[in-house]
Amino acid sequence: MSKIRPFLKWAGNKYQIIERIKAVLPPGNCLIEPFVGSGAVFMNTDYERYILADNNADLINLYLVLQSEGEPFIDYCRSFFTDTNNREDRFYELRDVFNNTSDNRLKSALFIYLIRHDFNGLCRYNSKGGFNAPFGEYSKPYFPEKEMRLFHEKSQKAVFQVADFRDVMRGAEPGSVLYCDPPYVPLSTTANFTSYSSGGFTLEDQVDLANLARELAQKGISVVISNHATEFIFNAYQGAEIEKFDVQRYISCDGDNRGKAGEVLALFNGGISA
Ligand SMILES: C[S@@+](CC[C@H](N)C(=O)[O-])C[C@H]1O[C@@H](n2cnc3c(N)ncnc32)[C@H](O)[C@@H]1O
């Protein structure tokens, strides 16, 4: 099966290392992703059912519109990818529309437009929740028509939720497998920019995630987690089967830490695959 690129650019997306993740993920009847992001793992695995969650409401609303509407929505999104709209003044006008509209369909289409036209494909918000990534100056932003169509088709197997990872994990049913791709722990104490949507992901959140993974494994539900290979993570993931490797990051979760970084894939084994 050839690899499918996510239709959104997304910090930390797992397209590059998908084969490694697939090699670790146990079988099951449902894959739950509490941090779905651009859905690289969803698009490149073959489970019967999916529960895909994220606490970014703009992202999940976009998936819900694409799931239910398909082609007419893809056409509508394409209509924003014009030469006129690929200008700085127009970008900031449309960013304002995005931040002020209550029209869900328009907001979802503009979300794709913004991420494809902004600097580095950033999804970044200010403290009030307003999208604030600057204009990207690309000569011809790519409209991901094929990728959206594939997502629409596959999304018929999925249930989407706007939720905190704790709620999603507590709701996991036996027979499911979880893949968790949280905002990574900083590589050093000074590298602390971990904000995807408003609100950062704290070290307490990292510990909660590890504890919930351990609890689920004890109930027979396997959990795989990706993260940076740091002392903090090795401590937090004690008891898990850990694979460590290097990966080249192009869009880093942390602008100061582009380049090579050690990563881990930790399997909290619920024993289903045994
Ligand atoms: C590393 S990205 C996931 C990337 C994804 N695997 C992909 O391939 O695109 C982390 C995601 O976690 C989400 N997130 C951050 N804090 C969260 C929380 N408390 N609960 C649920 N999702 C959260 C972010 O919105 C972001 O989409």
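**Close-up views of a predicted model**

View 1. pLDDT is the predictor's confidence in each residue, from 0 to 100. Two residues are in contact if their C-beta atoms, placed from the backbone, lie within 7 Å. Across the protein, the mean pLDDT is 92. A pLDDT of 70 or more is reached by 90% of the residues. The model is predicted: local features need pLDDT of at least 70, side-chain atom pairs count only at pLDDT 80 or more, and totals for chains, interfaces and linings use all residues. Numbering starts from 1 along each chain, as its sequence is written.

**View 2. The largest nonpolar core holds 67 residues.** Such a core is a set of buried Ala, Val, Leu, Ile, Met, Phe, Trp, Tyr and Cys residues joined through C-beta atoms within 7 Å. Leu-178, Cys-180, Ala-213, Leu-216, Val-223 and Val-224 touch the most other members. Helix H6 (residues 104-117) gives the largest share of this core, seven residues. Domain 1 (18-55 + 163-268) and domain 2 (73-144) both contribute residues, so the core lies between them. The domain bounds come from an automatic or database domain assignment. Beyond four places in sequence, Val-223 contacts Leu-178, Cys-180, Ala-213, Leu-216, Ala-217 and Phe-268.

**View 3. Lys-107 sits in helix H6.** Helices (H or I, at least four residues) and strands (E, at least two) are DSSP runs, numbered from the N terminus. Lys-107 is buried, because 20 other C-beta atoms lie within 10 Å. The cut-offs are 20 or more such atoms for buried, 12 or fewer for exposed, and in between for partly exposed, with C-beta atoms placed from the backbone. Beyond four places in sequence, Lys-107 contacts Asp-58, Asn-61, Phe-98 and Thr-101.

**View 4. Glu-48 lies in the loop between helix H2 (40-43) and strand E2 (49-54).** Glu-48 is exposed, because 10 other C-beta atoms lie within 10 Å. Beyond four places in sequence, Glu-48 contacts Asn-29 and Cys-30.
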